[in-house]
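Colleague: I would like to learn how to read a protein model. Could you walk me through this one?

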Amino acid sequence: MRAALARLRRTTGLPVAFGGLTHAADGESGEAGGAPVRIADLDGTVTGALRGLAISSGNGLGGKSMALARPCAVTDYRVARQISHEYDAAVSAEGLRSVLAVPVVVRRKVRGVLYGALRTALPIGDRAFEAAVAAARDVEQSLLVREEVRRLLSVAREPVAGRAAWEEVRAAHSELRALAPRIEDSPLRDELLAVCARLAGATAVGHAEAPTGAAAREMPIGLAPRELDVLSCVASGSTNAAAAELLGLRPETVKGYLRAAMRKLGAHTRLEAVVAARRAGLLP
């Protein structure tokens, strides 16, 4: 949210930006959609009057935007007749006049609201609207990625039993590694990578391809993170083109990482590389 607000100010030229998420979108308990949005992040404000406001659907400009699930704006908040005025005291304390609000909508549920504002009563132009919508889309994408990570983490933590379950674990491992570079939340990214390592290490317990004896002590040179990302995609059955799309890389770059991984693992084919990585405990 903080990054989106900074982008909103930078791209729109609006001096004030603020916003927040529902408790569910912010990782707390509770159902998203219909839940109030609590203003938690401020950029360019001079008071703390807006912080902590709970915006309910239908109330004020942001509440109207939430109810309609589309951007809304007023040229002079104080006298605008098309909105209710539950939050006038906080808006006046900050000295805001012209305000726009853009909802953050994920899977058809409102998860938050972004605001941009002027301290003068001037119309907000189309370019500012477009930039504000783009900033909200960034937040929506981040929330989608975070929810997908949590789903995969839940799958990855389930007990493993049987060949079909191993294939599920391998698919989850591949998806988690592909998502990791896109996670801006450092603790969540670290948790995700720790689960990936635990999944890879699971081959050391009761799996047919697990290394034993001297082989377990003779691990190959460690792979670079992107080499392991590519090899994880290959292990789940992805082609180079599919791996490139999943990882946000060029197909030629994927080939380069795969060649480097094969060289380090002493493998001559993709399959040999996957088997060697599994024996080394680098892949599940």
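This is a predicted model: local features need pLDDT of at least 70, side-chain atom pairs count only at pLDDT 80 or more; totals for chains, interfaces and linings use all residues.

Colleague: Let us start with the whole protein. How many helices and strands are there?

Modeller: The protein has 11 helices and six strands. It is 284 residues long, and 43% of them count as buried. Among contacts with a separation of 6 or more, 61% join residues 24 or more positions apart.

Colleague: Now a strand, please. Is strand 1 largely enclosed or open?

Modeller: In strand 1, residues 16-21, six of the six residues are buried, so the strand is largely enclosed by the rest of the structure. Both of its faces are covered. One side carries Val 16, Phe 18 and Gly 20, while Ala 17, Gly 19 and Leu 21 sit on the other.

Colleague: Which strands pair with strand 1, and in what sense?

Modeller: For pairing, look at the bridges and the direction of the strands. Strand 6, residues 109-118, runs antiparallel to strand 1 and is joined to it by six bridges. Strand 2, residues 37-43, also pairs with strand 1 in the antiparallel sense, over five bridges. To find these pairings on screen, pick Gly 20, whose bridge partner in strand 6 is Val 113. Then pick Gly 19, which has Asp 41 as its bridge partner in strand 2.

Colleague: How do I read a single residue? Take Ser 98: is it buried or exposed?

Modeller: Begin with its place, then its accessibility, then its neighbours. Ser 98 belongs to strand 5, residues 98-106. Its relative accessible area is 1%, so Ser 98 is buried. The side chain of Ser 98 comes to 2.7 Å from the backbone oxygen of Leu 122. Leaving aside residues up to four places away in sequence, Ser 98 touches several others, including Val 74, Thr 75, Gly 116 and Ile 124.

Colleague: And Pro 123, is that residue buried or exposed?

Modeller: Pro 123 has a relative accessible area of 65%, so it counts as exposed. You will find Pro 123 in the loop between strand 6 and helix 4. Sequence distance and spatial distance can be read side by side here: Pro 123 and Leu 100 are 23 residues apart in sequence, with their C-alpha atoms 9.8 Å apart.

Colleague: What should I look for in the loop between strand 5 and strand 6?

Modeller: Check the backbone angles there. Arg 107 lies in that loop and has a positive phi near 50°, although it is a residue other than glycine. Arg 108 is in the loop too, with a positive phi of about 70°. As for accessibility, Arg 107 is exposed at 51%, and Arg 108 is exposed at 83%.

Colleague: Last, the helices. At what angle do helix 9 and helix 10 pack?

Modeller: Angles of 65 to 115 degrees count as roughly perpendicular. Helix 9, residues 240-247, and helix 10, residues 251-265, pack at about 105°, with axes 8 Å apart. These two helices are therefore roughly perpendicular to each other. Where they meet, Asn 240, Ala 243 and Ala 244 of helix 9 face Pro 251, Val 254, Lys 255 and Leu 258 of helix 10 in contact. The residues of this contact are five nonpolar, one polar and one charged.

How values were computed
Residues are numbered from 1 along each chain as its sequence is written. Side-chain values use heavy atoms; hydrogens and water are left out. Axes are lines fitted to C-alpha atoms, for helices over the stretch in contact, and angles run from 0 to 180 degrees between N-to-C directions. Helices (H or I, at least four residues) and strands (E, at least two) are DSSP runs, numbered from the N terminus. Angles under 35 degrees count as roughly parallel, over 145 as roughly antiparallel, 65 to 115 as roughly perpendicular and the rest as oblique. Contact means heavy atoms within 4.5 Å. Ala, Val, Leu, Ile, Met, Phe, Trp, Tyr, Cys and Pro count as nonpolar, Asp, Glu, Lys and Arg as charged, and the others, Gly among them, as polar. Buried means under 20% relative accessible area, exposed over 50%, partly exposed in between (1.4 Å probe, protein chains only). Two strands pair if DSSP finds at least two bridges between them. A polar contact is a pair of N or O atoms within 3.5 Å; within protein, one must be able to donate a hydrogen and the other to accept it, and residues adjacent in sequence count only if both atoms are side-chain atoms.
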